[in-house]
Amino acid sequence: FIIIFICRVCKRWKRLVKDQRLWRVVDLSTWKGVTSRVLWVLLRQYLGRGLRYLRLRGLLLSARGGAFLSEPWLQTLASKCPRLFRLSLLHTDLRGLPSCSLLPPTLQILELHGCEVPPGFFTQNPPVTSELDHPVVAASNGQNKPPVSSSFSGITIETLILDNVPSFTNQHLQSLNLWGRLSRLELRDMIRVTASGLRSCAPPGVQALSHLKHLEMDTGSRKQMAALGLGEGWVGLESLGLGGREVSPGLLCLSRLPDLRWLRLRSCRLTEMMVLRSCRMLKELRRLEFWQVEFVIESRQGETEGGGEREESEREREESSENDPVPNLRRSLATLLPKCSVLFTQCTVTENMD
């Protein structure tokens, strides 16, 4: 059973199902009345072993403010919901939590939308299992043991989605290098992530995100141009999504991504020549997607005078459709990348008369 509920009165929660252990998805992101007290009631009486996906709305934009997620509540959540694999937080102030290691260890997907994080949130101190493992004690006992390295076996997060997290910086990005299972990273409207910060995380390197396979970047109206950090290449990167102002700088770096197999461009303006020049070296590309892209087509001389060029232009307009707005581009890509499939979604065509 998948139950997404929006509750206004606590007394009505018991009427939703007879066995709360069947709840798999709980979405409270649209309800502004959730406080820490309500969270405890929800956790103690209604959530159980069946919970897989939890979505909460914090008090960051609320006038009442106050603490929301606490360490005891997260520990109880981990013990009562051992199957929880996805947590989505909206407008939540996480600056009261010292580290993400306090989150349930079963999480595989973590989403932060409009949240705030402390400086060391994505790091974890190396655990000291016993006194004999401590370097000082080992040296006094005559043992020549190296210091115990930080173990991130407890962090099983594979997908991290960050959307408009103003406090997220290059240092936070670099601290993800020890997340051994992180394979998918999505950065949306991250105003403090720069090209140099992204470049420092490209493998090989000390702070490299070597396990990353999928990367998405979208800055919307802000011109960050962080995608320029891909200019020196990224070994092992197979999927890339670019949106908004990150498309143009990202296209300049595609030739340095030979392992790329999936590419999505969205919410931008493109020309046929821009796409063909950028993708000509991507011989391993298998899928190319255009989402909400405005294609600018140059008007050809002679159309107003009649002749073969005008007939060809009219034929292209007749062949174009919602699923294939630029037939000439599809044919050119089929010749350039015969193994690649092309998908257009909500794309438009604008003719440049200049």
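Mentor: Start with phenylalanine 122 and phenylalanine 168: both are buried. Buried means under 20% relative accessible area, exposed means over 50%, and partly exposed lies in between (1.4 Å probe, protein chains only). This is a predicted model, where local features need pLDDT of at least 70 and side-chain atom pairs count only at pLDDT 80 or more, while totals for chains, interfaces and linings use all residues. Residues are numbered from 1 along each chain as its sequence is written, and side-chain values use heavy atoms, leaving out hydrogens and water.

Now the rings. The structure holds six aromatic pairs. Rings of Phe, Tyr and Trp (its six-membered ring) pair if their centres lie within 6.5 Å; planes under 30 degrees apart are stacked, over 60 edge-to-face, and the rest tilted. One of the pairs joins phenylalanine 122 to phenylalanine 168. This pair is edge-to-face, at 5.6 Å centre to centre and 80° between the planes. Phenylalanine 122 sits in the loop between β4 (109–113) and α3 (135–140), and phenylalanine 168 in the loop between β5 (159–163) and α4 (170–174), so their pair ties together parts 46 residues apart in sequence. Helices (H or I, at least four residues) and strands (E, at least two) are DSSP runs, numbered from the N terminus.

Another edge-to-face pair is phenylalanine 290 with phenylalanine 295, at 5.3 Å centre to centre and 65° between the planes. Phenylalanine 290 is buried, at 0% relative accessibility. Phenylalanine 295 is buried too, with a relative accessible area of 1%.

Rings also gather. Phe121, Phe122, Phe168 and Trp179 form one aromatic cluster.

Charges meet rings as well. The charged end of arginine 86 sits over the ring of tyrosine 53, 4.7 Å from the ring's centre. Arginine 264 places its charged end over the ring of tryptophan 291, 4.0 Å from the centre. Here a charge sits over a ring if NZ of Lys or CZ of Arg is within 6 Å of the ring centre and within 35 degrees of the ring normal.

Last, the confidence. pLDDT is the predictor's confidence in each residue, from 0 to 100. The chain has a mean pLDDT of 82, and 76% of its residues reach 70 or more. Confidence is lowest in α3, at a mean of 42, and highest in β5, at 98. Over residues 126–153, pLDDT stays under 50. The model has 23 contacts beyond four places in sequence for residues 126–153, a contact being heavy atoms within 4.5 Å.
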